[in-house]
Amino acid sequence: MSVLIIAEAGVNHNGSLELAKSLVDAAVDAGADFVKFQTFKANSLLTTNAPKAEYQVKNAGAGESQFEMIRRLELSEEMHEELWNYCAEKNIGFLSTGFDIASIDYLKKLGVGIFKVPSGELTNLPLLRHIGSFKRDVILSTGMACLGEIEEAINIVEEAGTPRIYITVLHCTTEYPTPMEDVNLRAMVNISNALGVKAGYSDHTPGIEIPIAAVALGATVIEKHFTLDRNLPGPDHRASLEPDELNAMVAGIRNIERALGDGIKRPSLSELKNKPIARKSLVAAADIKAGELFSAENLATKRPGTGVSPMLWDQVIGRSAPRDFNEDELIEL
């Protein structure tokens with residue numbers, strides 16, 4: 001099964017429908033499977049005096065409160081519907097992360113079939129239980145969480161009606177950008193093995209090498225923020241890929257998928273033609289007369305590999321030559 005690649009537009013539309021559509025276009029050009037936005041109402045997401053994260057202050061400034069910033073980045077229902085139809089027209093899947101029950105219900109009504117739980121909602125029992133009641137595919141991000149919290153969230157979703165087989169857990173580090181030493185990519189494998197779920201990776205590191213490495217380690221879903229321009233104003237642009245980087249990431253993931261193969265060690269179709277060229281055969285190290293015994297002195301191993309295999313060396317030594325052989329001639333038995 002192909003790795004699911006989610007191009008995370010998030011709030012990088014800056015509240016503009018046209019910019020949001022341009023992000024859809026970039027995701028399509030890159031070959032992503034889904035483009036994902038965020039669905040919320042500021043009044044339901046946070047209090048009016050909730051502080052900004054350090055990275056939000058750094059990237060968006062301290063002039064407006066987090067509440068004001070979030071409210072400015074809301075997508076209206078009309079904008080959602082425009083984007084839903086635009087994604088259908090462009091043949092790319094539409095996803096959005098719902099941050100409250102009303103938003104999640106709206107996404108379900110819109111037709112979304114995969115429900116994404118962001119890292120900050122992993123400990124939101126009512127929301128988890130509500131999503132679990134849909135019995136649809138669920139993707140859980142796990143930034144800031146320990147294994148026990150992830151297990152508890154999975155159990156809530158499962159007990160609400162969604163079988164574990166429908167749940168994919170994304171290893172994630174909630175820092176923008178994430179320092180390489182904080183990635184702990186092996187935790188993704190540990191999550192999958194310990195909890196019996198499909199695992200993937202939601203990446204906030206600079207560059208593209210870590211999500212590609214995650215695929216090599218077995219990720220079934222990759223999520224990565226992208227933007228049209230990292231210099232645009234807003235909280236997430238600076239930790240996002242630009243379109244050419246998104247293209248390179250998708251291409252790299254698809255190459256790794258092809259390279260992983262089925263795990264059975266056997267000659268590939270492309271290398272079979274080189275087998276007789278690169279391997280060796282038994283040859284005469286000097287002129288050999290008919291009836292002369294083959295020995296370590298009159299035999300050698302040389303290319304091409306179209307004659308008697310050197311693996312039969314022990315069986316050939318001591319046997320009589322069936323005919324004369326010239327030096328460098330392939331041995332026949």
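Helices and strands are DSSP runs, numbered from the N terminus. On this basis, β2 (34-39), α3 (54-60), α4 (66-72) and β8 each contribute at least two residues to the lining of the largest pocket in this predicted model. The volume of the largest pocket is about 740 Å³. Its lining comprises 34 residues, with Tyr55, Gln56, Phe99, Thr174 and Tyr176 nearest the centre. By class, 15 of the lining residues of the largest pocket are nonpolar, eleven are polar and eight are charged.

Eleven nonpolar, four polar and three charged residues make up the lining of the second largest pocket.

Two individual residues were also examined. Ser202 is located in strand β7 (residues 198-203). Because its relative accessibility is 2%, Ser202 counts as buried. Its side chain forms a polar contact with the side chain of Glu223 at 2.7 Å. Beyond its neighbours within four places in sequence, Ser202 also contacts residues including Ser141, Leu170 and His171.

Arg230 occupies the loop between β8 (221-225) and α11 (243-260). With a relative accessible area of 26%, Arg230 is partly exposed. The side chain of Arg230 reaches the backbone oxygen of Ser240 at 2.9 Å. Outside the four-place sequence neighbourhood, the contacts of Arg230 include His237, Arg238, Glu242 and Glu245. The C-alpha atoms of Arg230 and Asn12 are separated by 9.6 Å, although the two residues are 218 residues apart along the chain.

Methods:
Residues are numbered from 1 along each chain as its sequence is written. This is a predicted model: local features need pLDDT of at least 70, side-chain atom pairs count only at pLDDT 80 or more; totals for chains, interfaces and linings use all residues. Side-chain values use heavy atoms; hydrogens and water are left out. Helices (H or I, at least four residues) and strands (E, at least two) are DSSP runs, numbered from the N terminus. Buried means under 20% relative accessible area, exposed over 50%, partly exposed in between (1.4 Å probe, protein chains only). A polar contact is a pair of N or O atoms within 3.5 Å; within protein, one must be able to donate a hydrogen and the other to accept it, and residues adjacent in sequence count only if both atoms are side-chain atoms. Contact means heavy atoms within 4.5 Å. On a 1 Å grid over the protein atoms alone, a cavity is a set of points where a 1.4 Å probe fits but cannot get out, and a pocket is an open set with protein on both sides within 12 Å along at least five of seven lines; lining residues have an atom within 4 Å of a point. Grid points are joined across faces, edges and corners, and a volume is the space filled by probe spheres set on the points. Ala, Val, Leu, Ile, Met, Phe, Trp, Tyr, Cys and Pro count as nonpolar, Asp, Glu, Lys and Arg as charged, and the others, Gly among them, as polar.
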